[in-house]
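The following exercises concern a predicted model. Each task is followed by a solution in steps.

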Amino acid sequence: MELNPEGILSVGMKIGRRSADLLLIDFKGNPRHQLSTTYDYPLPEVIFGFLESGLQTLLSREPQRLRDRVCGIGIGTPFELWKWHDLSGLAARKFRSWKNVNFFSEVAKFSDLPVFVVNDATAACHAEHLYGRGAEYRDYFYFFIGSMIGGGVALNGTVFEGNQGNAGALGAMRTTGPLGESQQLIDTASLFLLEDRLIEAGVDPEILWKKPQNWDNISRYVEPWIGTTAQELAKAALSICAVIDFEAIFIDGAFPPKVREELVSRVRRYLANQDKRGLIPPVVEAAAVGENARGIGAASSPIFRQFLLNTNAGLSGM
């Protein structure tokens, strides 16, 4: 027996700091159509306008018999969007309006499809678990490095979302800055740091978000970013494994595959030289889904919640 790819279709939207992606996937997680947009900041009117127009475009590309098989819309978004911007004045007030946005009622203005909201990094973890290498390990931690770093937790063969859907929020993990000051991991291992470095050097950072991705021309800036990020991930991996005995650490992000491979290689090397007394070191692996993981994971959310077995059901408190 096998799944009919056209048996169920689902829509997913990833909301990022600099870009949003909208996908229509089939039952096996393959994107059938995809749209993308970039912006300075993801203001609510921009995001929902993109979703409304993009939804019409995606569905218009399918025959009516398949449009009727779309089971829902998944939205992968950083939680508490209103807390992570550097705007001021009117733009800041508009951005703070995210605090009062109800995703379900906003989408209901133009679609009757059920809506499922999930943390964007958790969505990426779902994608890896369902369509990538997640089945190779029972318990693992998953890093996804976008503009802001995030993570996901897999326990007992399924993704664990936590009491409030925010399990794996490792961006808030404490780390130490260059002057010994307390910082969050989000401030030391995120892509916005590479973006800032490009801006300081007079290089257009738009290259980071263009598709298909090709970072060959900015390798002189990417190389030191990989080095710093790998050190931070190695330290974070050991802290995480001190709490839960994870078998593996997966690493993925919004970057080209060869950047991911080099980052994984560096993390392995740094882990080899860390103080691991009292710990069983996890294996460090490259994830397989890639930079599209958040969008694919968001799109998988309606499928997962309506048609698949969640063995952690009842453990999340939801």
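**Exercise 1.** Which residues does Y142 touch, not counting residues up to four places away in sequence?

*Solution.* Step 1: leave out the residues up to four places from Y142 in sequence. Step 2: the residues that Y142 touches are then A121, A124, C125, E128, G150, G151, G152, F250, D252, A287 and A293.

**Exercise 2.** Identify the residues of the largest nonpolar core that touch the most other members, and the element that gives the most to this core.

*Solution.* Step 1: the core holds 62 residues, of which Y142, F143, L191, W215 and I251 touch the most other members. Step 2: the greatest contribution comes from α7, with 12 residues. Step 3: another core, of 29 residues, lies apart from it and has A20, V70, L81 and F103 among its residues.

**Exercise 3.** Determine the strand order of the five-stranded open sheet and explain the position of its edge strands.

*Solution.* Step 1: the order is β8-β7-β6-β11-β12, with mixed pairing. Step 2: β8 (158-160) and β12 (283-286) each have a single partner strand, so one side of each is left without a neighbour in the sheet. Step 3: from one strand to the next, the twist averages 30 degrees. Step 4: β11 (residues 248-253) pairs with β12 in the parallel sense over four bridges, and I249 has V284 in β12 as its bridge partner.

**Exercise 4.** Is E285 buried or exposed, and with which residues does E285 form salt bridges?

*Solution.* Step 1: the relative accessible area of E285 is 15%; buried means under 20%, so E285 is buried. Step 2: E285 forms a salt bridge with R133, the closest N and O atoms being 3.3 Å apart. R133 lies in the loop between α5 (120-131) and β6, and E285 in strand β12, so this pair ties together parts that are 152 residues apart in sequence. Step 3: E285 also forms a salt bridge with R268, with the closest N and O atoms 3.5 Å apart. R268 belongs to helix α8, so this second pair ties together parts 17 residues apart in sequence. Step 4: R268 counts as partly exposed, at 43% relative accessibility.

Terms used:
Residues numbered from 1 in each chain as written. Predicted model: local features only at pLDDT ≥ 70, side-chain atom pairs only at ≥ 80, totals over all residues. Heavy atoms only, no water. Pairing = 2+ DSSP bridges. Helix = DSSP H or I, 4+ residues; strand = E, 2+ residues; numbered from the N terminus. Axes fitted to C-alpha atoms, helices over the stretch in contact; angles between N-to-C directions. Core = buried A, V, L, I, M, F, W, Y, C linked by side-chain atoms within 4.5 Å. Buried < 20%, exposed > 50% of the residue type's maximum accessible area, 1.4 Å probe, protein only. Contact = heavy atoms within 4.5 Å. Salt bridge = Lys/Arg side-chain N within 4 Å of Asp/Glu carboxyl O.
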